[in-house]
Amino acid sequence: MPTFFEKLCYMVRRCIFSVLSIGPMPNHIAFIMDGNRRYANKRSLERGTGHRAGFSALISILRYCYEMGVKYVTIYAFSIDNFKRKPEEVQSTMDLMKEKIDELLKEESFVNEYEVRLNFWGNLNLLNDPLRFSVEKAMRSTFHNTGPVLNVCVAYTSTDEIAHAIEMSCHEKRDLMKELHACGCKNDFFEEYHMQSVISVVDFERHLYTSGCPDPDIVIRTSGETRLSNFLLLQSSFSHLQNPTPLWPDFSFSHLLWAILKYQRGHPYLQERSRRSKKME
């Protein structure tokens, strides 16, 4: 049962969100959760402690996002490039991710509270068996949930996603051409046959991991870093990019509010309204 203080904080947040909602609100926020290891190093803690603190921060931020009506949240949990780290560190991270995914599926977790649907994007074959089984179970268990969506990028890079989409598009077209050739359609409908053999943008986008999900309105990378680090390169072309200085475990409710306000200030709708107001003066 929530305490009186927790209920009070919830009511205060609801009031703040109702004021924020007067302006344009993001539908999709993506986070590059940077700074877990530096958080632990600054405090002379064990390295895994930083990742655990980062998970606690993630749960809080997800609650805030869902309370304010954000439909999609995407997080960059583990890059393919992270496999280049020390084997014991990679194994420790895999074990922690499995532990936390299993926690999310428990009855009392926020996943069940908000009816969250979990997606995992990336080359999942690179994961060890226990983690991959947990990932697949999480996607199956939440597939029919109708609430907000949490996309977890694990064993992911944008270049790998692009290569995967091209490969799948080529396989699809090759199979289609074999079928058309087998039924003799090439000679009868040469022009249509040729058009069917061309890979379109629609074909390519259909095979992206992110297919069916809107592009992020805001991409936030904590710790002050300005690099995207091979994260959603295609999907973030028109996103509002932000790089707040706190390390990820220190990223708080106030930082999220400021990110929304910055997004609203730079939103095309508000900029256009401001220009019209100045013309009328």
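Modeller: A quick definition to start: buried means under 20% relative accessible area, exposed over 50%, and partly exposed in between. This is a predicted model.

Colleague: Thanks! So what does K98 count as?

Modeller: K98 has 28% relative accessibility, so it counts as partly exposed.

Colleague: And which residue does K98 form a salt bridge with?

Modeller: That would be D102, with the closest N and O atoms 2.7 Å apart. Both lie in helix 4 (residues 87-104), four residues apart, about one turn of the helix. D102 is partly exposed too, with a relative accessible area of 28%.

Colleague: How about K100, buried or exposed?

Modeller: K100 counts as buried because its relative accessibility is 13%. Its side chain meets that of E103 in a salt bridge (3.5 Å, N to O). Salt bridges that share partners also join R52, E99, K100 and E103 into one network.

Colleague: Nice. How many salt bridges does the count come to?

Modeller: The count comes to 17 salt bridges.

Colleague: Switching topic: which residues are buried in helix 11?

Modeller: F253, L256, L257, A259, I260, Y263 and Q264 are buried there. Seen down the axis of helix 11, the buried residues fall within an arc of 160°, so they line one face of the helix.

Colleague: One last thing, which residues form the nonpolar patch on the surface?

Modeller: The patch is made by F4, F5, L8 and V12, together with about 470 Å² of accessible area. Take F5: this residue is found in helix 1 (residues 4-20), and at 58% relative accessibility F5 counts as exposed.

Note on methods
Residues numbered from 1 in each chain as written. Predicted model: local features only at pLDDT ≥ 70, side-chain atom pairs only at ≥ 80, totals over all residues. Heavy atoms only, no water. Patch = residues over 30% accessible without salt bridge, like charges linked within 9 Å, V, L, I, M, F, W, Y side chains within 5 Å. Areas by Shrake-Rupley, 256 points an atom, 1.4 Å probe, with all protein chains shown as cover. Salt bridge = Lys/Arg side-chain N within 4 Å of Asp/Glu carboxyl O. Helix = DSSP H or I, 4+ residues; strand = E, 2+ residues; numbered from the N terminus. Buried < 20%, exposed > 50% of the residue type's maximum accessible area, 1.4 Å probe, protein only. Arc of directions from axis to C-beta.
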